[in-house]
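Colleague: Can you walk me through this one? I'd like to hear about the side-chain contacts.

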Amino acid sequence: MSKAVIGLGSNLGDRFAALRKAVVSLALLPQTEVVALSKVYETEPVDGPEQPNFYNAAVLIETQLSPYTVLGAGLGLEAAAGRLRTVRNGPRTLDVDLLLYENVKSESFELTLPHPRILERAYVLIPLNDLFPSGRGLGLNFGASFREIDKNGVRSTLFKLRESWED
């Protein structure tokens, strides 16, 4: 089994329900177990057109699936949630990003691991820090970036994916 971190985001429709459904769907993947979940954060959009705030979270899984299969599953979840890729960095019903995959580095057209902007985005680093409070996880040392990044525009919500997912 390998560990992987998946970032989730949504800023259209019922944002929390979209994240919750994505976690349930990830747990249903074959040879995959959801190990840990971050808190849910409300975040201001970065880049792109004017749009509603996001809900963001991170999911730690253990899986026997390849990184490409996990990526494909994420794209399938986005499609099932009705995501349309019409505007770069535009609003979306669901965004699923494979951020880290244990012992894998990749720079291909299809998949770059670790995710190329992981250290530049507070909406990624803050949930990642929930999963790895030491600032180190799955071969990435993000502690210095976490301490230095501007955390304005990222607010913790009262939503808890763990409790809602297990119901």
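This is a predicted model: local features need pLDDT of at least 70, side-chain atom pairs count only at pLDDT 80 or more; totals for chains, interfaces and linings use all residues.

Colleague: How many aromatic pairs does the structure hold?

Modeller: It holds 2. Rings of Phe, Tyr and Trp (its six-membered ring) pair if their centres lie within 6.5 Å; planes under 30 degrees apart count as stacked, over 60 as edge-to-face and the rest as tilted. Phenylalanine 16 and phenylalanine 159 are stacked, because their centres are 4.4 Å apart and their planes are at 20°. Phenylalanine 16 is in helix 1 (residues 15-27) and phenylalanine 159 in the loop between strand 10 and helix 5 (161-166), so the pair ties together parts 143 residues apart in sequence. Helices (H or I, at least four residues) and strands (E, at least two) are DSSP runs, numbered from the N terminus.

Colleague: Is phenylalanine 159 buried or partly exposed?

Modeller: Partly exposed, at 34% relative accessible area. Buried means under 20%, exposed over 50%, and partly exposed in between (1.4 Å probe, protein chains only). Phenylalanine 159 also pairs with tyrosine 55, tilted, at 5.4 Å centre to centre and 55° between the planes. Tyrosine 55 is buried, at 10%. Phe16, Tyr55 and Phe159 form one aromatic cluster.

Colleague: What lies over the face of tyrosine 55?

Modeller: Arginine 15, at 3.8 Å from the ring centre. The test is NZ of Lys or CZ of Arg within 6 Å of the ring centre and within 35 degrees of the ring normal.

Colleague: Switching to salt bridges. Which residues pair with arginine 83?

Modeller: Glutamate 78, with the closest N and O atoms 3.1 Å apart, and aspartate 95, at 2.7 Å. A salt bridge is a side-chain nitrogen of Lys or Arg within 4 Å of a carboxyl oxygen of Asp or Glu. Arginine 83 and aspartate 95 are both buried. Shared partners join Glu78, Arg83, Arg92 and Asp95 into one network.

Colleague: How many salt bridges are there in the whole structure?

Modeller: A search finds 6. One of them joins glutamate 44 and arginine 155, at 3.8 Å, N to O.

Colleague: Last one: how many residues of helix 3 are buried?

Modeller: In helix 3 (residues 122-131), 8 of the 10 are buried, including Val124, Leu125 and Leu128.

Methods. Residues are numbered from 1 along each chain as its sequence is written. Side-chain values use heavy atoms; hydrogens and water are left out.
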